[in-house]
Amino acid sequence: MFLQTNRDLLEAGTDLRSRYRWDTGLPEIDVLVLEWRWPIPGRNTTPCGWPGHTCDLHRQQQLVEHYSHRGIRTILWDKDQQLPADDPLRACPVVRVCEPALYPSAGAHSLLFPVADTVLDTADPAELAAGHRPWPLVYVGNQYGRDDAFDTYFAPAAAEHPHRVAGKWTDTRRWPHVRFTGRIPFHEVTRLYRSALSTVLLLPPRYAASGQMTQRIFEAVLAGCLPLAPDTIRGIDRYVPSAMHVTSGRHAADRIKQLRSAGTARRADLLAACLEKLEIFRLHHQLDRLHTLLRRPDPTPVDLPR
């Protein structure tokens, strides 16, 4: 049950009511799961009803006060690492703070982004490697905090290979040679990856330091797009095979050149190695972790399976 307005239906026209329920009230529940929201001036800190206002922060506070403060078990998934280190919720006995990182902050637990087991079970590297890929290099994602990584790894490679960058990039003046094409609907993400040979996994510094990988890694691999990964990302060996590690923009450009000349069989081998690394994201692993966290009487962090 989603304890919010049905934005999928109201804003995107996607009707999922046959599969899920929505409730804007305060129904009786066993467990509360929060995708943590934080104050964003002008968007969710303004009074309800003001132009541009979204009510996620107000609703979150209401849910925390009604459920968490009354003893309902709570999973607080801090996907953007925005929960302050001294926030009182970290000490609340019924709250388990989780982050999608290999090395979460003190007292938090690892809970990675999930990939359905059936998707991984049926992925065929040879099939993924097949087909025409007119773009040697693409990036799908927003700018937030990625300027340095983009400058170091992507921009030099983009100077040598045809490319495309899709997403919200508001200040691009320092990269006049890069082709930014703006935001794209979610259903077009897979289509773009399927037209591309490679991407670069760009992370904000706080993600790289904690080994927090975004969904872009499996969105790319499951579309047959090979992910180049900066070797400065903590724990990168657990996410990407060494053949896909890069140390600089020059290195990334050379890797792409090699991939462009490689045959389908070689790309299939690399994709197979990448698929093996995606095992860490399996949905049943994440569900097992949630069940363990909800059963534990204390907030001691649980190590990720290796």
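**Rings, a helix face and a covered strand**

Mentor: Let's start with R234, which lies over the face of Y103, 3.8 Å from the ring centre. This is a predicted model, where local features need pLDDT of at least 70, side-chain atom pairs count only at pLDDT 80 or more, and totals for chains, interfaces and linings use all residues. Residues are numbered from 1 along each chain as its sequence is written, and side-chain values use heavy atoms, with hydrogens and water left out.

Trainee: What makes R234 count as lying over the face of Y103?

Mentor: A charge sits over a ring if NZ of Lys or CZ of Arg is within 6 Å of the ring centre and within 35 degrees of the ring normal. R234 is at 3.8 Å. K79 has its charged end over the ring of W77, 5.3 Å from the centre.

Trainee: Why is the pair of W175 and F180 called tilted?

Mentor: Rings of Phe, Tyr and Trp (its six-membered ring) pair if their centres lie within 6.5 Å; planes under 30 degrees apart are stacked, over 60 edge-to-face, and the rest tilted. The centres of W175 and F180 are 6.3 Å apart and the planes are at 40°, so this pair is tilted. Both rings belong to a cluster linked by ring pairs, along with Y139, F150, F154 and W169.

Trainee: How do you know whether W175 is buried or exposed?

Mentor: Buried means under 20% relative accessible area, exposed over 50%, and partly exposed in between (1.4 Å probe, protein chains only). W175 has 2%, so the label is buried. F180, at 23%, counts as partly exposed.

Trainee: Now helix α6, residues 187-194. Which of its residues are buried?

Mentor: They are V189, L192 and Y193. Seen down the axis of α6, the buried residues fall within an arc of 95° (taken from the directions from the helix axis to the C-beta atoms), so they line one face. The face turned away from them carries the exposed H187, R191 and R194.

Trainee: And what makes strand β9 largely enclosed?

Mentor: All 5 of the 5 residues of β9 (226-230) are buried, so the rest of the structure largely encloses this strand. L226, L228 and P230 are on one side, with P227 and A229 on the other.

Trainee: Which way do β8 and β9 run, and how many bridges join them?

Mentor: They run parallel, joined by 3 bridges; strands pair if DSSP finds at least two bridges between them. V200 stands opposite L228 in β9. On to β10 (residues 245-246): 2 bridges join this strand to β9, again parallel, and A229 stands opposite H245.

Definitions and conventions
Helices (H or I, at least four residues) and strands (E, at least two) are DSSP runs, numbered from the N terminus.
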